[in-house]
Amino acid sequence: MTLSFAPVAGRIGVQVSGVQLSGDLDASVVSQIRDALLRHKVIFFRGQERLDEAGQVAFARLLGPLTTAHPTVPALSGQNHILDLDYSNGQKVDRWHTDVTFVERPPLASVLRAIEVPPAGGDTLWANTVAAYETLPDPLRVLLDGLRAVHTNQYDYARVATAEDPERARKYAEVFASTVYETEHPVVRVHPETGERSILLGDFARRVSGFSGAQSAALIALVQDHVTQVEHTVRWSWAPGDVAVWDNRATQHRVVHDFTGARRLHRVTVAGDVPAGVDGRQSVALAGDVSDYLAA
């Protein structure tokens with residue numbers, strides 16, 4: 001099987017053609033997909049309408065062992081590995097984040113499949129956190145190499161009050177933070193496969209170890225503004241049946257909430273490793289037991 005690859009943006013993202021995704025792909029095809037993922041950070045597949053829930057899970061398994069759907073949010077009924085991202089329920093994932101960084105072993109990758117999409121809007125953005133690191137000023141790179149930050153799923157309840165549907169948002173927040181997790185990660189992690197350095201922050205990063213609250217907020221905002229510069233990003237306009245796979249060790253992402261109507265996607269996550277910083281120190285869990293999440 002010959003695959004073709006068409007870059008979607010200059011620093012991140014490629015569209016892959018010539019394959020129907022399933023759990024029965026030849027090892028050489030899986031190798032090409034993995035290589036593209038490592039190189040381009042996020043890969044896109046159009047025309048995957050034949051892929052169902054079982055097929056999505058089976059394909060994701062080709063990339064590695066799976067986690068359960070989420071540490072706190074229930075899985076899709078009857079599907080232990082699928083998180084049902086139904087935006088009619090009041091979710092608003094409008095902040096840049098890397099998936100599940102509040103646990104000691106964030107996912108290696110996520111596989112996202114579009115079920116229903118609005119006629120316009122509802123795109124997803126991804127940022128290349130390796131490119132962001134590499135384009136930092138040298139003094140800031142040196143500073144970040146030695147820093148660690150605490151990530152948590154403890155909900156920012158100030159956001160509930162400003163939500164379009166505060167009551168629905170409050171109920172979702174209660175589920176999301178029903179068990180509180182905290183992990184201290186290096187701000188710069190070394191990618192276990194490529195050796196590249198990437199910035200590990202995003203919306204779950206709440207404070208920088210050794211800094212005051214105000215200093216932490218200012219430093220995180222400074223770095224996040226750099227990570228999410230448009231030059232580091234790619235934007236994908238969804239169609240039903242589209243599949244996106246991203247390297248969660250080298251990206252952040254967010255939804256563009258400019259749509260009305262149905263928007264529903266299914267996500268499966270591949271289990272990751274414990275991040276290590278430039279100095280070799282690994283992440284440390286501070287609160288929360290994730291054994292059920294990782295024992296998929």
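Among contacts between residues at least 6 apart in sequence, what share join residues at least 24 apart? In this protein the share is 83%. Keep that in mind as you look around, and remember that you are viewing a predicted model.

**Start with the whole chain.** Show it as a cartoon and you can trace eight helices and 16 strands. The radius of gyration is 18 Å, close to the 19 Å that the globule rule gives for 296 residues, so the protein is as compact as a globular protein of that length.

The accessible surface comes to about 12,400 Å², and carbon and sulfur atoms account for 50% of it. Of the 296 residues, 52% are buried.

**Now colour by charge.** You will have 28 positive and 35 negative charges on screen.

**Then select residues 205–208.** This is strand β11, and Arg207 sits in it. Is Arg207 buried, exposed or partly exposed? Its relative accessible area is 36%, so Arg207 counts as partly exposed.

**Finally, bring up the neighbours of Arg207.** Leaving aside residues up to four places away in sequence, Arg207 touches Ala149, Val150, Glu182, Ser216 and Ile220. Pick Ile220 from that group and draw a C-alpha to C-alpha distance to Arg207: the two are 7.9 Å apart in space and 13 residues apart in sequence.

Technical notes: Residues are numbered from 1 along each chain as its sequence is written. This is a predicted model: local features need pLDDT of at least 70, side-chain atom pairs count only at pLDDT 80 or more; totals for chains, interfaces and linings use all residues. Side-chain values use heavy atoms; hydrogens and water are left out. Helices (H or I, at least four residues) and strands (E, at least two) are DSSP runs, numbered from the N terminus. Buried means under 20% relative accessible area, exposed over 50%, partly exposed in between (1.4 Å probe, protein chains only). Contact means heavy atoms within 4.5 Å. The radius of gyration is taken over C-alpha atoms; the globule rule is 2.2 Å times the number of residues to the power 0.38. Accessible areas come from the Shrake-Rupley method with a 1.4 Å probe; for residues, only the protein chains shown count as cover. Lys and Arg count as positive and Asp and Glu as negative; His and the chain ends are not counted. The place of a charge is taken as NZ of Lys, CZ of Arg, CG of Asp or CD of Glu.
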